Amino acid sequence: MRVCFDTQGGGTANPNEDWVAGSPTLAIVLDGLSTAGLSTGCRHGVPWYVANLGGHLLAALADLDRPLTEGLADALDRVAATHPECDLSDPGTPSATVAILRHKHGVLEHLVLADSPIVLDGPEGYTVISDLRVDDVLPELRAEVESHQTHTSGHREALQRLVLAQRQVRNTPEGYWVAASRPEAAQHALTGTTPLRGIRSAAVMSDGVSRLVTEYGMATWSDVFATLQTGGPSELIETVRKTEATDPTGIRWPRYKSGDDATVAYCQW
Ligand SMILES: [Zn+2]
């Protein structure tokens, strides 16, 4: 498997909270969840969390016989053990989506936890693998955020109300599951396998990239893979930014930020 990737922060005001890595057998994308400026109980921050979780995932999944869920649970345990001085029971503890694609003996294994999708370019078209459970919770608060233009106090306050409410249902049976401080979240990830035969390429993305298709409707998956093939991950992210620049305050496409952190790992065989 050949993996090339790029990741770019959504703006200059905040650090990039996405993380990406590739190896001959693995492509991993993590998308740290926004804290909306609220407390987290952790002095390290989201960029530290995703970098450490990602590093432990690479190590845990180097053994191809180890199931992806088991490797994720182990990596979550190890990150938690790295900062015991922080309050890991805080509902705002750093957390992230997880998307993993692993090539193992002619088979592609996948794991997704929350809304960073994997798209396979195969003989029967494009297969989108995504965990959209987060979209089913708190629809009224989400709609309230989207009723405001970005960069307004109304937007900022609505986003804080949404994030506070999300924290109450995150990693509970009533809500949705993300990687945070406890290993049991791994058991709630969506997993599966696909024979590699006939798969031409794959893209593992944060939603900051996939929204070009799913939210903005400004490209098809066919367009996305054509851009990846000709210009690579950087050009795809540039396309997302150019699209967002036509709607800087989120009137046409209501959203949480003018530009979200954007990451894509492009895998070829
Ligand atoms: Zn910490």
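Mentor: A definition comes before the helices. A crossing is right-handed if the near helix is turned clockwise from the far one by less than a right angle, and left-handed if anticlockwise. Also, this is a predicted model.

Trainee: OK. Which hand is the crossing of H1 and H2?
Mentor: H1 and H2 cross in a right-handed way.

Trainee: At what angle do they pack?
Mentor: About 135 degrees, and the axes of H1 and H2 are 8 Å apart. That angle makes H1 oblique to H2.

Trainee: Which residues meet there?
Mentor: From H1, they include Trp48, Leu53 and Leu57. From H2, Leu72, Leu76 and Val79 are among them.

Trainee: Switching topic. What coordinates the zinc ion?
Mentor: Cys42 and Cys86 through SG, and His44 and His83 through ND1. The distances are 2.1 to 2.4 Å.

Trainee: Why is the arrangement tetrahedral?
Mentor: Because the four donor atoms subtend angles of 98 to 119 degrees around the zinc ion. For four tetrahedral donors, the ideal is 109.5 degrees.

Trainee: How are the donor residues spaced in sequence?
Mentor: The pattern is C-x1-H-x38-H-x2-C. Histidine 44 and cysteine 86 link distant parts of the chain, 42 residues apart. Histidine 44 is in the loop between strand E3 and helix H1. Cysteine 86 is in the loop between helix H2 and strand E4.

Trainee: Is cysteine 86 buried or exposed?
Mentor: Buried, because its relative accessible area is 8%, and the cut-off is under 20%.

Trainee: And how does histidine 44 count?
Mentor: As partly exposed, at 22% relative accessibility.

Conventions. Residues numbered from 1 in each chain as written. Predicted model: local features only at pLDDT ≥ 70, side-chain atom pairs only at ≥ 80, totals over all residues. Heavy atoms only, no water. Donors = N, O, S within 2.8 Å, 3.2 Å for Na, K, Ca; no water. Tetrahedral: all angles 85-135°; square planar, octahedral: opposite > 155°, others 65-115°. Helix = DSSP H or I, 4+ residues; strand = E, 2+ residues; numbered from the N terminus. Buried < 20%, exposed > 50% of the residue type's maximum accessible area, 1.4 Å probe, protein only. Axes fitted to C-alpha atoms, helices over the stretch in contact; angles between N-to-C directions. Parallel < 35°, antiparallel > 145°, perpendicular 65-115°, else oblique. Contact = heavy atoms within 4.5 Å.
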